[in-house]
Amino acid sequence: MMMRREAEPRLYAEEQLLAHEAMPPSAPLPGLAGELLSAGNADARKRVVQGALLALGFEWLGYGTVVQQQGRAVPTRFLTSYAHQAWLKRYFAQRYHEVDSRHQDAPTSSLPLIWDIDELGSLHTGHRPSGRERDFLDDFRDSGIRSGVFFRLASPVRAHEHTVISLMSSRPGRAWIVDGVLGQALTLGLSLHEVLSHHLHLPDDPHKPALGDMSATQLHILEELQQGRSDKEIAYRLQLTMHAVDYHMRQLRRRFSARNRVQLVNASVELLGAGCP
């Protein structure tokens, strides 16, 4: 049986981000967030972030958006500028998000998960690691990443969407991540999130359909799809026939170049949630 492939996440770098135009005047941001915002360009922001990472004992930072589909986290966008590049390619190529237990183990309260590679495989109890889980852990070790802090932030407008922030280090063990380090790691992650989510934006994908190209019915169907509803439920809620829902679904898959329902949901999240990376 062929494995169903998901849409690839949209990868982007600091250099691709643009400042929002006509931002309303406001009080200057305090601390590190203000320093990032006043940096002025991508190179300056990278120097600030990389300097803060190294000062804390971390070497890499992952920042991305995931949506919850059928009980698992599916990445939609990911900032590449501070990532471990070899591990980044491996992670998405092998779809390791499907077996990365940190997505389930990060507390729903958004408190951080402090982890090290030797304990990561034992965070889930009650079952032996599968072959893919073992591959994930082996590749993780081979990358040279040994410990880190992982936390997620819920979207204020989309119940199924989270921003995930991961600071990673080559240092073994987790004893070195004391309260002071953890507090500053959270400050760095939240400061970067403030700037990326409210003051910078990723230009629209030129290959992505525009909102104005779709009918109100198609937009409503996409919104229902993101809530995990079946074709029958969509037909009932929108007072459409099953034939009409099937027709619009085929049109939407063609418009988004989506081969299946999962790819269509991923693409619709990218379109309807395009306000921030």
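Guide: A residue counts as buried when its relative accessible area is under 20%. Valine 74 has a relative accessible area of 0%, so it is buried. Keep in mind that this is a predicted model.

Start from that residue. Valine 74 sits in strand E4, which covers residues 72-79. Now look along the chain to histidine 97. Valine 74 and histidine 97 are 23 residues apart in sequence. Their C-alpha atoms are separated by 6.9 Å.

The model has four cavities of 30 Å³ or more. The largest cavity has a volume of about 280 Å³. Its lining consists of 22 residues. Those nearest its centre are Gly62, Phe78, Tyr91, Phe92 and Arg102. Two or more lining residues come from each of these elements: strand E3 (60-69), E4, H3, helix H4 (102-105) and strand E7 (161-169). Strand E3 gives the most, with five residues. By type, the lining of the largest cavity divides into twelve nonpolar, seven polar and three charged residues.

Stay with helix H3, one of the elements of that lining. Helix H3 spans residues 85-93, and helix H6 spans residues 131-142. For such a pair, the description is the angle between the axes and the distance between them. The axes of H3 and H6 come within 10 Å and cross at roughly 170 degrees. An angle over 145 degrees counts as roughly antiparallel, so H3 is roughly antiparallel to H6. From H3, the contact uses Trp87, Arg90 and Tyr91. From H6, it uses Phe136, Asp139 and Phe140. Four of the contact residues are nonpolar, none is polar and two are charged.

One more buried stretch deserves a look. Helix H1 runs over residues 31-38. Its buried residues are Leu32, Ala33, Gly34 and Leu36. In an α-helix there are 3.6 residues a turn, so residues three or four places apart point the same way. Among the elements covering the buried residues of H1 are helix H2 (42-56) and helix H7 (179-198). After H1 comes glycine 40. The phi of glycine 40 is positive, near 95 degrees.

How values were computed:
Residues numbered from 1 in each chain as written. Predicted model: local features only at pLDDT ≥ 70, side-chain atom pairs only at ≥ 80, totals over all residues. Heavy atoms only, no water. Buried < 20%, exposed > 50% of the residue type's maximum accessible area, 1.4 Å probe, protein only. Helix = DSSP H or I, 4+ residues; strand = E, 2+ residues; numbered from the N terminus. Contact = heavy atoms within 4.5 Å. Axes fitted to C-alpha atoms, helices over the stretch in contact; angles between N-to-C directions. Parallel < 35°, antiparallel > 145°, perpendicular 65-115°, else oblique. Nonpolar A, V, L, I, M, F, W, Y, C, P; charged D, E, K, R; others polar. 1 Å grid on protein atoms, 1.4 Å probe; cavity = no way out; pocket = protein on both sides within 12 Å on 5 of 7 lines; lining within 4 Å. Points joined across faces, edges and corners; volume = space filled by probe spheres on them.
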